[in-house]
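Hello,

Here is the structure I promised to pass on to you. Please open it alongside this note, and then read on for what I found in it.

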Amino acid sequence: IYRNRRRLIIVACIAAIVSTIGSYLIDARYKSTVIMVPTTTISLSSTFKRDGEDILKFGEEKEAEQMIELLASDAIRNRICTKYNLMKHYKLSESSPYKKLYLKQEYEDRIWFSKTPSSAVEIDVLDSSPDTAAAIANDIAALVDSVKNNLQRERANQYYQIIENEY
């Protein structure tokens, strides 16, 4: 080692310079997290069928999985991408024939959803701006209810049409 000390010092200096330059080239990303606790969904028809059902209890694994599916839906992704103009924000080319694919990949790299051990749902957002990361995470959490309500409304209208056609 003593014979090669000059080489080791040169390699160490080069490594320090390269790592310093590299650290300045990396974009800083801030993480924002929202934790949501799903509730049970009890329809009006099921309240008549089930005796003793606690309508105020929190959701379990099934409800958490459903919430993750809603969070990963195209409806939420498209609204967030439009509202925050993520094509421009992520500096993606508008003229690329694969722009939607690149946007989806960037979205999935920076925004993800997971289930916690207690069956809550965690929304994590990484962004170069801490304010934007927090705003996106909060908007996604707010959109879950509206998307779920729209789906339930559509389903209720379909059932209503079926019942109306039969009677």
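Helices (H or I, at least four residues) and strands (E, at least two) are DSSP runs, numbered from the N terminus.

Before going further, a word on the source: this is a predicted model, in which local features need pLDDT of at least 70 and side-chain atom pairs count only at pLDDT 80 or more, while totals for chains, interfaces and linings use all residues. Residues are numbered from 1 along each chain as its sequence is written, and side-chain values use heavy atoms, with hydrogens and water left out.

Back to H3, which spans residues 61-71: its buried residues are Glu63, Ala64, Met67, Ile68, Leu70 and Leu71. They sit on the same side of H3, because they cover an arc of only 160° around the axis (the arc is that of the directions from the helix axis to the C-beta atoms). These buried residues pack against strand E1 (30-36), H4, strand E2 (111-115), strand E3 (121-127) and H7. Contact, here and below, means heavy atoms within 4.5 Å.

Now the overall picture. The protein has seven helices and three strands, and along the sequence they follow the pattern α-β-α-α-α-α-α-β-β-α. Of its 167 residues, 29% are buried. Among contacts between residues at least 6 apart in sequence, 64% join residues at least 24 apart.

Next, the helix pairs. Two packed helices are described by the angle between their axes and the distance between the axes. Axes are lines fitted to C-alpha atoms, for helices over the stretch in contact, and angles run from 0 to 180 degrees between N-to-C directions. Angles under 35 degrees count as roughly parallel, over 145 as roughly antiparallel, 65 to 115 as roughly perpendicular and the rest as oblique.

H3 and H7 have axes 9 Å apart and pack at an angle of about 100°, so H3 is roughly perpendicular to H7. Met67, Leu70 and Leu71 of H3 make this contact with Ile140, Val144, Val147, Lys148 and Leu151 of H7. By type, the residues involved are seven nonpolar, no polar and one charged. (Ala, Val, Leu, Ile, Met, Phe, Trp, Tyr, Cys and Pro count as nonpolar, Asp, Glu, Lys and Arg as charged, and the others, Gly among them, as polar.)

Helix H4 (residues 74-83) also meets helix H7 (residues 130-166): their axes come within 10 Å and cross at roughly 135°, which means that H4 is oblique to H7. On the H4 side the contact involves Ala75, Ile76, Arg79, Ile80 and Lys83, and among their partners in H7 are Ile136, Ile140, Val144 and Asn150. This contact divides into eight nonpolar, two polar and three charged residues.

Another residue to look at in H4 is Arg77. Is Arg77 buried or exposed? With a relative accessible area of 11%, Arg77 is buried. Leaving aside neighbours within four places in sequence, Arg77 is in contact with Ala72, Lys104 and Tyr107.

Finally, two loop residues. Lys91 is not a glycine, yet has a positive phi of about 60°; Lys91 lies in the loop between helix H5 (86-89) and helix H6 (99-110) and is exposed, at 74% relative accessibility. Ser119, also not a glycine, has a positive phi of about 65°. Ser119 is in the loop between E2 and E3 and is buried, with a relative accessible area of 16%.

Enjoy exploring!

Technical notes:
Buried < 20%, exposed > 50% of the residue type's maximum accessible area, 1.4 Å probe, protein only.
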